[in-house]
Amino acid sequence: MLDTLLPFKRQYFRHKGQNIHYVDEAPAAPKGTVVMVHGNPSWTLYYRKLISALKGEYRCIAMDNVGCGLSDKPDDSQYDYTLTSRIADLEALLAHLGVNEKVTLVVHDWGGMIGMGWASKYPQAIERLVILNTAAFHLPTSKPLPLRLKICRNTWLGTVLVRGFNAFAGLASVIGCKRNPMSAPLRKAYVSPFNSWANRISTLRFVQDIPLQPSDKAYAEVSRIEASLDGFTEVPTLICWGLEDFVFDKHFLEVWQQKLPKAEVYAFADCGHYILEDAADEVIGHIQQFIDRSSAREALAS
C-alpha cells in the first residue's frame, strides 16, 4: 500500500548522525525547484499528489523531518527536537542538493516555521511562496492555545496519550479532513511511521516546542522568523486554507494576510487541516496556475 501511495525513489541524507529520508523527483526539470516542508504529525506522504502533478516541469524536493516518516527516530540523547535543529536539517539537505535559487517554497503546519526559518537565511533563493494552514509567527493574540495542544504540551496525560496511544497522529488523520475524510488505508499510512512509544517521540516534541513565553527554547527563533516576513511582502505568494482546521484556523489566516497583504488567497469553508487531502484537485490546480502566472509575469518583466 505504501509503495503505491508513495511511488518515488527513497533517498537518504546523513546529517549529524541521523538518516534523513527525502524525495527528489525530476532533478533536471527546467523550470525551477519546488521545496515542500511538512509539519506534525505528517510526513512526505502529504505531498505525494503535488509531487506527481509538478515533477514533469519542476524539481520536487520533500524531506521527512527527523522522527517522522521514513527518517530516523532517535531519542533525546541523540537529537535535539527543537525548531533550530529542524531548520538546520533542511539547510543541510538543500546545501547538499545544491538548491540555492528559483525556489518555490511550499509549507504546511510546523513546516511553515521550518521552511520560513530557512527562507529567512536565504531570501534571495525564494522565487515564490505557497502557504497551506501553517504559521511563521507567534500564536495570534486572538487565538489561545487549543485545549488539545495544551494537554499534549504540558501534562503527563498528554505524553501517555500521544506516545502510548498515538492519539495525536490518529486523531489528526480522522478530524484533519472535513470535505473528503481519509479512507481507512490512507489513515493507516499516515500513522504508520509512528508505530511505537519510541517512534512517536517527534509528535510529542513538536507540540512541546511550541513557544508561548520568552523562556521557551523556540521563542527567540520564532521571533526572528516573524520579523523576517517583512522581507517577503513582494514575493509572489499563494495561500490555500482550510477554515475548519482544528488549530490553524481563521486567526492564523488573518495574520498571514496582514503580514503578506499582496498574497493570492483561497479559503475553503468546508475543509480542514490536511487541505491537500481535503481539496486536492482544487488546491493543486491553484498551485499550478499560480506558478504558471508568476512565471509568465517574471518572463515579461525580464
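Helix 9 is largely enclosed by the rest of the structure, because seven of its eight residues are buried. The model is predicted. Buried here means under 20% relative accessible area. The buried residues of helix 9 are Ile 201, Ser 202, Thr 203, Leu 204, Arg 205, Phe 206 and Val 207. Several helices form their surroundings. The buried residues of helix 9 pack against helix 3, helix 4 (111-121) and helix 5 (147-154). They also pack against helix 6 (156-165) and helix 7.

Helix 9 (201-208) also takes part in a cavity lining. At least two residues of the lining of the largest cavity come from helix 9, and at least two come from helix 7 (167-175). One cavity of 30 Å³ or more was found in the structure. The space in the largest cavity is about 310 Å³. Its lining comprises 24 residues. Trp 110, Leu 149, Ile 210, Val 247 and Phe 248 are the lining residues that lie nearest the centre. By class, 20 lining residues are nonpolar, three are polar and one is charged.

The largest nonpolar core contains 102 residues. Met 36 and Leu 105 have the most contacts inside this core. Helix 3 (residues 83-96) gives the most to the core, with six residues. The contacts of Leu 105 were listed without residues up to four places away in sequence.

Terms used
Residues are numbered from 1 along each chain as its sequence is written. This is a predicted model: local features need pLDDT of at least 70, side-chain atom pairs count only at pLDDT 80 or more; totals for chains, interfaces and linings use all residues. Side-chain values use heavy atoms; hydrogens and water are left out. On a 1 Å grid over the protein atoms alone, a cavity is a set of points where a 1.4 Å probe fits but cannot get out, and a pocket is an open set with protein on both sides within 12 Å along at least five of seven lines; lining residues have an atom within 4 Å of a point. Grid points are joined across faces, edges and corners, and a volume is the space filled by probe spheres set on the points. Helices (H or I, at least four residues) and strands (E, at least two) are DSSP runs, numbered from the N terminus. Ala, Val, Leu, Ile, Met, Phe, Trp, Tyr, Cys and Pro count as nonpolar, Asp, Glu, Lys and Arg as charged, and the others, Gly among them, as polar. A nonpolar core is a set of buried Ala, Val, Leu, Ile, Met, Phe, Trp, Tyr and Cys residues joined through side-chain atoms within 4.5 Å. Buried means under 20% relative accessible area, exposed over 50%, partly exposed in between (1.4 Å probe, protein chains only). Contact means heavy atoms within 4.5 Å.
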